[in-house]
Structure formats: structure tokens, C-alpha cells
Number of protein chains: 2
Amino acid sequence: MLYPNNIKKTTHKPISYANRGMALESLLNETNEYYNEKNMALIFKKPTPIGISEAVYTNHGRIIKNGYFKAQSTLDYNGIYKGHYVEFEAKETQSKTSFPLSNFHEHQLKYIRRVLNHGGICFVILKMNQFIYFLKGEDLVFFLDHYNRKSIPYSYIQEHGIVIKEAYQPSIDYLKVIDEEYLKGDL
Amino acid sequence: MLYPNNIKKTTHKPISYANRGMALESLLNETNEYYNEKNMALIFKKPTPIGISEAVYTNHGRIIKNGYFKAQSTLDYNGIYKGHYVEFEAKETQSKTSFPLSNFHEHQLKYIRRVLNHGGICFVILKMNQFIYFLKGEDLVFFLDHYNRKSIPYSYIQEHGIVIKEAYQPSIDYLKVIDEEYLKGDL
């Protein structure tokens, strides 16, 4: 496990990482597309739920004329890997010292517990201080149960999170972490 | 297994079933809500993917001014039950003699194979001739591989499908079928 403790403030341009600047969501979509094409897993981002106030019928089918975005009541990504149910959420924060739990909806935190209780593999991909962490749902739930805080200190994420190095393909190889952390006993 | 072979044409009003006339999708949403509340499973309909041609920002957030519906590239419902990945599609047909395969997109049929290969429980809930059938993905794939036909004869569905009787709560108890057909060996 890597502990990125030696980050320095600098006015110089930082070293170029693969895909730097690309939003976490785009990197994960690319990653899932890669897994899908290689038939390694079937994991996708769920479409954003939409509420429709007005729709019209045209020659090209039904068109939305007034629609709004609704909050996802579950996590953003789910699917199957090696017979296991997988569900996760991706979050980014600009904060350097702690990850605000307000980034989650309350029902999402409850939902993470429930997925774990049903035997799913559930986690958060967290981008913070230019590192990408795989934080197990179990470690998130442990924090919620043992600390009465509104944000997770970065030190907790450094201690419990597993760093995923951005790469070319797949961009964020989280299946590798699943293999190592959850499926070591399998075959 | 029930074989509804003795359906007679009648001009009389048919016997009243629970929830008669309610669309299959609504019944399944009700069913999933019931499973969710009882914490039996976490299975939901995926939101319909939307393409956005025009959006504006308002005081209430981002509003869609021109949007269109996109085809789901996977199946409509997925989630977790007793640690197992579950994915299924719901289909209705008015045809009495056969179920047209054109009800599926080509990529959905391929996707069913893939979910099965990854170890998921995958099936179709099929409403036909006023019966609701649970047709295993395996039986659908077998049909595709052995018959060069554009529709599945009703007799095949009667032979391989498992009838789910509509009930009050849950409306369409497909978990019971999963228990009996897939998980008999568990526990």
C-alpha cells in the first residue's frame, strides 16, 4: 500500500500523470468500457434518473420538453464480476484535509450498509489530493459507527484506502483491488 | 409447475385477478419496492437513459429543455439477492401464439448470455395470454441456439416457463422462483 505523505505545495507544474485532468467519472466510464470489451466484468454507471414535466410526440418518437434531474437513491455503478455483485460510488473532493460526508446523501450511506449485508462488494472510489483511493464500504461503515464526525480525515483514508494508480488501459483498475482484497481465496 | 393449457375463449368477463390491468412494469416496481422494504433483496429498475440536446440552468438547478430516450443497452432490472447478482427484463405481448423475439434488441439477447457466463441469475418475466411466466435466461439461450425462428412458440414458453401467480403483496413473487430454481442447494 502506498502512503502519499510527501506531497509538497509547489508553484511548478506538477508531473504529468496519465489522463490528468479527466474527470473521475470519465475515467471510470472508460475503465468499465474496457472491462466490458475484454469481457472481464459487466459493470456500468446507472443512468441519471430524470423526472419529466412535459413531453411531446414527434416523428422521431417521444421527446422531453421539460425534464429535471433526480437524485440517485442507490450508488452510481453496479454490475457483476466473477459471479459477485459489485456496487460503488465515485467521489472527488478539493479538500486536502478531510472528505466531507455531505458528499453522500444520507440514504446512500444506509444503502452501502445494506449492499454489504446482502453479500455484495461495495466501495467508494475517492479522488483526493491527486490520488485515487479504493475505500471499502466496510471501512466507511466502521468510520460512521465509531466516529461522530461530519468528514473523514485524510489520515483515515490514507490508512484504510488502497491507492489505485492511474494507468493507460484500464484507467482505474479497481478489479485488481477486488481480486486482492476480496477474492484472494477464490481459485 | 403449472401448465395453463385449458384456456377457453369466452365472451363472458374473465375471473378477476389481483391487480388486473395494471401494467407489468408497475407490478414489478411494486414488487421490488416490497422486497426493498422487507430488506429481502435490492433489485430495481434502471432509469431510462436520456440524451440531452438542450439544457438550461435555473434557480432550481439544471433543467432539460430538449431530451430524447435512448435504448437500454443492458436489461431493465438488476440487483442483489442472497449474495447473487440478478438481472432481468420484463416483456408483454398481445400475441397468443408466439412471443416475437423482435421484442428484444439484438444486443440484449447477447447480453443475457454474458450475464449467465459471468455467473449471474438472468431471466425474463413474460406476460402472455394473461399469464406471467418466469423464463430462465438459459432456456431463452437454448431456444436461440437450437431454433432458427423469429418468435418463441407459446408451447415452448408453457413447457419451460414457470407461472407466477399475481398476488397482493408482492404482486409478482419472482424471488420465490429464484429460491426454487436456483438456490435449492443453498443453506
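Residues are numbered from 1 along each chain as its sequence is written, and chains are lettered from A in the order in which they are written. Because this is a predicted model, local features need pLDDT of at least 70 and side-chain atom pairs count only at pLDDT 80 or more, while totals for chains, interfaces and linings use all residues; side-chain values use heavy atoms, with hydrogens and water left out.

Let's start with chain A. This chain has five helices and 10 strands, where helices (H or I, at least four residues) and strands (E, at least two) are DSSP runs numbered from the N terminus. Of its 187 residues, 47% are buried. Here buried means under 20% relative accessible area, exposed means over 50%, and partly exposed is in between, using a 1.4 Å probe and protein chains only. A contact means heavy atoms within 4.5 Å. Among the contacts in chain A with a separation of 6 or more, 65% come from residues 24 or more positions apart.

Now bring the two chains together. The size of an interface is often given as the accessible area lost when the parts come together. Buried area is that loss of accessible area (1.4 Å probe) for two parts, summed over both. Between chain B and chain A it comes to about 2,800 Å², with carbon and sulfur atoms giving 61%. On the chain B side, the elements that give two or more residues are β1 (42-45), β2 (50-58), β3 (61-69), β4 (77-81) and α2 (106-117). Of these, β3(B) supplies the largest share, eight residues. By type, the residues on this side of chain B divide into 16 nonpolar, 13 polar and four charged. In that grouping, Ala, Val, Leu, Ile, Met, Phe, Trp, Tyr, Cys and Pro count as nonpolar, Asp, Glu, Lys and Arg as charged, and the others, Gly among them, as polar.

Counting contacts gives another view of this interface: 33 residues of chain B are in contact with 33 residues of chain A. Across it there are 11 residue pairs in polar contact, both residues at pLDDT 80 or more. A polar contact is a pair of N or O atoms within 3.5 Å; within protein, one must be able to donate a hydrogen and the other to accept it, and residues adjacent in sequence count only if both atoms are side-chain atoms. There are zero salt bridges between chain B and chain A, a salt bridge being a side-chain nitrogen of Lys or Arg within 4 Å of a carboxyl oxygen of Asp or Glu.

Next, have a look at A:K46, which sits in the loop between β1 (42-45) and β2 (50-58) of chain A. Although it is a lysine, A:K46 is buried, at 9% relative accessibility. Its side chain makes a polar contact of 2.6 Å with the side chain of A:T74, and it also reaches the backbone oxygen of A:L75 at 2.9 Å. Leaving aside residues up to four places away in sequence, A:K46 touches A:Q72, A:T74, A:L75, A:D76, A:N78 and A:E87.

Back in chain B, helix α3 (residues 137-146) has B:G137, B:D139, B:L140, B:V141 and B:F143 buried. Their cover includes α2, β7 (121-128), β8 (131-136), β9 (151-153) and α4 (154-160) of chain B. Within helix α4 lies B:S155, which is partly exposed at 48% relative accessible area.

The backbone has a few details to look out for. A cis peptide bond joins A:Q169 and A:P170, with omega about -10°, and another joins B:Q169 and B:P170, with omega about -5°. A:P170 is in the loop between β10 (162-164) and α5 (174-181) of chain A. Positive phi values turn up in chain B: B:K82, which is not a glycine, has a phi of about 50° and is found in the loop between β4 and β5 (84-92). For B:N129, also a residue other than glycine, phi is near 50°; B:N129 is in the loop between β7 and β8 and is buried at 16% relative accessibility.

Finally, the cysteines. Both A:C122 and B:C122 are buried, each with a relative accessibility of 0%.
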